[in-house]
Amino acid sequence: MSLYHRVREEAARRADALWAVALALHADPETAFAEHRAAALLTGELERAGFEVRREVAGLPTAFTARAGRGRPVVAFPLEYDALPGLGHACGHNLIAAAGLGAALVADAVLDGHEGTVLTVGTPAEEGGGGKALEVEAGVFDGVDAALMFHPGVYDWMRAPLTAQEQYLVGFRGRAAHPTGNPTEGVDALAALIELFNVLSSLGRRLPAGSHVQGIITHGGTATNIVPEYAEGRFGLRALTTAALDELAAQLRTAAEGVARATGTTATMDRASVRYEHFRDSEVLSERFAGHLDRAGISLTPPTPGVYLGSSDIGNVSGRVPAIHPFVAIMGAGGSDHTPEFAEAAASERGRRVLTAVVEALACTAVDVLRDADLRRRAWEDLRRTEG
């Protein structure tokens, strides 16, 4: 019996239990860095299967690793399980967690620890907290040969067009005054902040595709009869690549400093979020996954040019380890994630069919990585080319 056939049998045998895990996560959503019950559920499943579990990795209370087998090569399955405030699992992380869990259990069962290591990585707070980015910096993905995950979506795409993103707080400090009593003594910090918005509006018209700056005012003064001494805005930056994001951040700093000089204020600029790097797709591994998924009747295509689907901290992993992050549709292309309708789809019958198919395809891809040294070599060569 071929290993692929054994994977298919194992995935089918575990399908009901994995769907139960997905539904349990869906029914009990927890937000970033507070996913205590989700982490307990997932680690409990892994411990029962004989995985060696470490909790609170990278100093994060709801992060974990679970390891089976030993030595190199190592294939990792990142699990996402945080939900959105007020929307629950409207990004389908319940399916991501169940799929990674299932693929790890299946791959370990068919290989029986003789082909290297299956590593499951619990990655909290993808929705803004950057759990994977923090884990990368802590060395959690050191020594890993491939990171395999999928994301439910509204398209069947072989790879993820995910941009780099980060946020900054820009503050202007002026001098308070009464607008009628001593108006000439005031230096209006809010006026400076508004001028920065004007400059960024002009800048935005000549930014390259995939780049943008979006800002909000977080502090604009304390009273209408006082010239604001301090004003502050929060700005979200996105760009096609991490290098382009750095350039965009430099442009924001130049604009803020120029406005400060022009208005007689002083400006400060501080990063206000974890930086998400752009996603570097491992083409050779994505093609392998797509081939396995095709057997289940789901055909993946390249993404539509010019369409970008936000950002994710899997980008930080993909810059250091060959990684895949395909999108598999659980609802029609007219829908969108981060909506109540997508949350409903994450517990739908279509979601269940996708979960079963993806578990099999991820496990087959993991088997390939662990048993095929040439495949691993080509995946690392791909990654080194993207670094150049």
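These legends accompany close-up views of salt bridges and of a strand sheet in a predicted model. In this predicted model, local features need pLDDT of at least 70 and side-chain atom pairs count only at pLDDT 80 or more, while totals for chains, interfaces and linings use all residues. Residues are numbered from 1 along each chain as its sequence is written, and side-chain values use heavy atoms, with hydrogens and water left out.

**View 1. E30 and R37 form a salt bridge.** A salt bridge here is a side-chain nitrogen of Lys or Arg within 4 Å of a carboxyl oxygen of Asp or Glu. The closest N and O atoms of E30 and R37 are 3.6 Å apart. E30 has a relative accessible area of 5% and is buried (under 20% relative accessible area; exposed is over 50% and partly exposed lies in between, with a 1.4 Å probe and protein chains only). The structure holds 22 salt bridges.

**View 2. R371 and E115 form a salt bridge.** Their closest N and O atoms are 3.6 Å apart. This pair links distant parts of the chain: R371 belongs to helix α10 (residues 349-371), whereas E115 sits in the loop between α3 (93-111) and β4 (117-122), 256 residues apart. Helices (H or I, at least four residues) and strands (E, at least two) are DSSP runs, numbered from the N terminus. With 28% relative accessibility, E115 counts as partly exposed.

View 3. D382 is buried at 15% relative accessibility, but R385 is exposed, with a relative accessible area of 57%. Elsewhere, salt bridges with shared partners join E137, E277, R280 and R320 into one network.

**View 4. Six strands form an open sheet.** Follow the order β1-β2-β4-β3-β5-β11, in which the pairing is mixed; two strands pair if DSSP finds at least two bridges between them. β1 (52-55) and β11 (323-324) stand at the edges with a single partner strand each, so one side of each has no neighbour in the sheet.
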